[in-house]
Amino acid sequence: MSLPDKLREWFEVRLGIAELVEKRLTGYLLPRNINAWYSLGSVLLVIFGIQVVTGILLLIYYVPDADKAFRSVTAIMNDVPFGWLIRMCHAVGSNMMVAVLLLHMLSVLFMGSYKRPRELNWLTGFILFNLVLGISLTGYLLPWSQLSFWATTVATNSAGAIPVIGGYLVEFLRGGKLVGPPTLGRFFAVHVALLPLLIAALIGAHLFLLERIGVSTPPFGLADTRTRWAGDRFRHESHPDGIPFYPTYLLQDATSIFIYLAIFFGVVFFNPYLFFPPTAFIPADPFKTPPHIKPEWYFLANYQTLKVFPNELLGLMVQGAAMSFLALLPFIDRSAERHPLKRPLFLACFIGGICVYLAMAIWGHYS
């Protein structure tokens with residue numbers, strides 16, 4: 001018996017790997033009408049893994065000091081072997097993660113997969129979305145460029161519109177009255193330590209809920225499109241007539257992942273500066289405000305909403321109300337029906353919400 005065979009047998013005796021594979025892969029059945037949208041969760045896991053690996057590699061050379069941060073990023077781009085590739089993968093990946101997460105949440109909304117008994121799935125996913133926005137915002141400052149410095153100044157200024165605590169909150173976020181070295185230290189600590197741990201913990205909780213409650217059946221091609229949950233007792237949604245995860249749906253997961261990687265590396269290699277305006281390559285100057293500073297694309301709608309309302313507090317309240325409504329949607333929409341065409345009010349709000357979001361983002365970009 002060869003050494004690899006001996007090692008395989010050694011682990012098999014102690015861990016029962018064959019039984020585990022049989023139970024979790026070939027024995028794990030999914031709805032027969034499951035579609036490609038369900039594979040976005042696996043794509044997000046791959047993106048998070050890439051972000052962690054590239055982030056660790058960047059930490060080797062990055063210096064979180066206001067006097068050295070920009071020079072260290074420049075050195076990564078110009079002097080470190082393949083440093084430009086690692087930084088571009090990390091920067092492009094953060095944008096792609098927000099985009100794929102938005103698509104994932106929209107698909108869950110469209111198919112009514114947030115309905116009971118999956119309220120906790122939705123809440124953990126919604127919190128994850130906000131944590132991803134937070135980690136993107138804190139990472140935005142770290143290059144210490146003109147763009148990142150002034151975009152962070154604008155973003156933290158918004159908190160000042162909150163009555164009573166606004167001023168204290170701005171000072172807490174910045175570590176002082178203005179954006180400066182303490183702000184960089186705080187954002188760096190939150191970006192590399194706190195938020196990754198929270199995101200990893202929430203991913204674990206989200207996957208546990210998915211495994212415990214079961215995968216929801218898509219509401220398409222079924223005679224009964226209502227939620228299958230009923231009564232006051234826990235019931236795992238099983239699919240005895242479904243398809244095995246391995247190898248059937250694993251191929252769909254792999255297909256979606258490779259499509260994502262093709263788009264991802266296409267941007268990295270052929271249009272790497274898509275997310276980098278000219279001010280991203282100029283060191284931060286607190287005494288010179290560049291014209292037309294705007295946040296990243298995923299904050300453009302929020303940015304424009306604050307500009308539309310005459311009072312910034314009113315704009316924050318409208319956004320807070322919209323986000324609260326989304327977070328509590330499973331508790332507001334208690335109907336059992338899940339098919340979007342049988343929920344005309346929901347469908348109108350769904351399409352209208354997307355149109356408003358896109359319109360505000362485009363308006364924010366060109367305003």
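Helices (H or I, at least four residues) and strands (E, at least two) are DSSP runs, numbered from the N terminus. With those labels in hand, here is a friendly walk through the structure above.

This is a predicted model, in which local features need pLDDT of at least 70 and side-chain atom pairs count only at pLDDT 80 or more, while totals for chains, interfaces and linings use all residues. Residues are numbered from 1 along each chain as its sequence is written, and side-chain values use heavy atoms, leaving out hydrogens and water.

Leu3, Leu7, Trp10, Phe11, Leu15, Ile17 and Val21 make a nonpolar surface patch of about 680 Å². Two elements, α1 (3-15) and α2 (17-26), each give two or more residues to the patch, and α1 gives the most, with five. A patch is built from residues with over 30% relative accessible area and no salt bridge; nonpolar side chains (Val, Leu, Ile, Met, Phe, Trp, Tyr) are joined within 5 Å, like charges within 9 Å. The areas come from the Shrake-Rupley method with a 1.4 Å probe, and for residues only the protein chains shown count as cover. Ile17, which lies in helix α2, counts as partly exposed because its relative accessibility is 36%; buried means under 20% relative accessible area, exposed over 50%, and partly exposed in between (1.4 Å probe, protein chains only).

**Salt bridges**

A search of the whole structure finds six salt bridges, each a side-chain nitrogen of Lys or Arg within 4 Å of a carboxyl oxygen of Asp or Glu. Three of them are listed here.

| Pair | N to O distance |
|---|---|
| Lys115 and Asp333 | 2.9 Å |
| Arg118 and Glu237 | 2.6 Å |
| Glu171 and Lys177 | 3.3 Å |

Lys115 and Asp333 form a salt bridge that links distant parts of the chain: Lys115 is in the loop between α5 and α6, Asp333 in the loop between α13 (329-332) and α14 (344-366), 218 residues apart. Both Lys115 and Asp333 are buried. The salt bridge of Arg118 and Glu237 also links distant parts of the chain, with Arg118 in the loop between α5 and α6 and Glu237 in the loop between α9 and β2 (243-244), 119 residues apart. Arg118 is buried at a relative accessible area of 6%, and Glu237 is buried at 10%. Salt bridges that share partners join Lys115, Asp333 and Arg343 into one network.

**Backbone details**

The loop between α5 and α6 also holds Pro117, and the peptide bond from Arg116 to Pro117 is cis, with omega near 5°. Another cis peptide bond joins Tyr246 and Pro247, where omega is about 5°; Pro247 lies in helix α10.

Trp144 is not a glycine, yet has a positive phi of about 55°. Trp144 sits in the loop between α6 and α7 (146-157) and is buried, with a relative accessible area of 8%. Val164, not a glycine either, has a positive phi of about 70°. Val164 is found in the loop between α7 and α8 (166-174) and counts as exposed at 74% relative accessibility.
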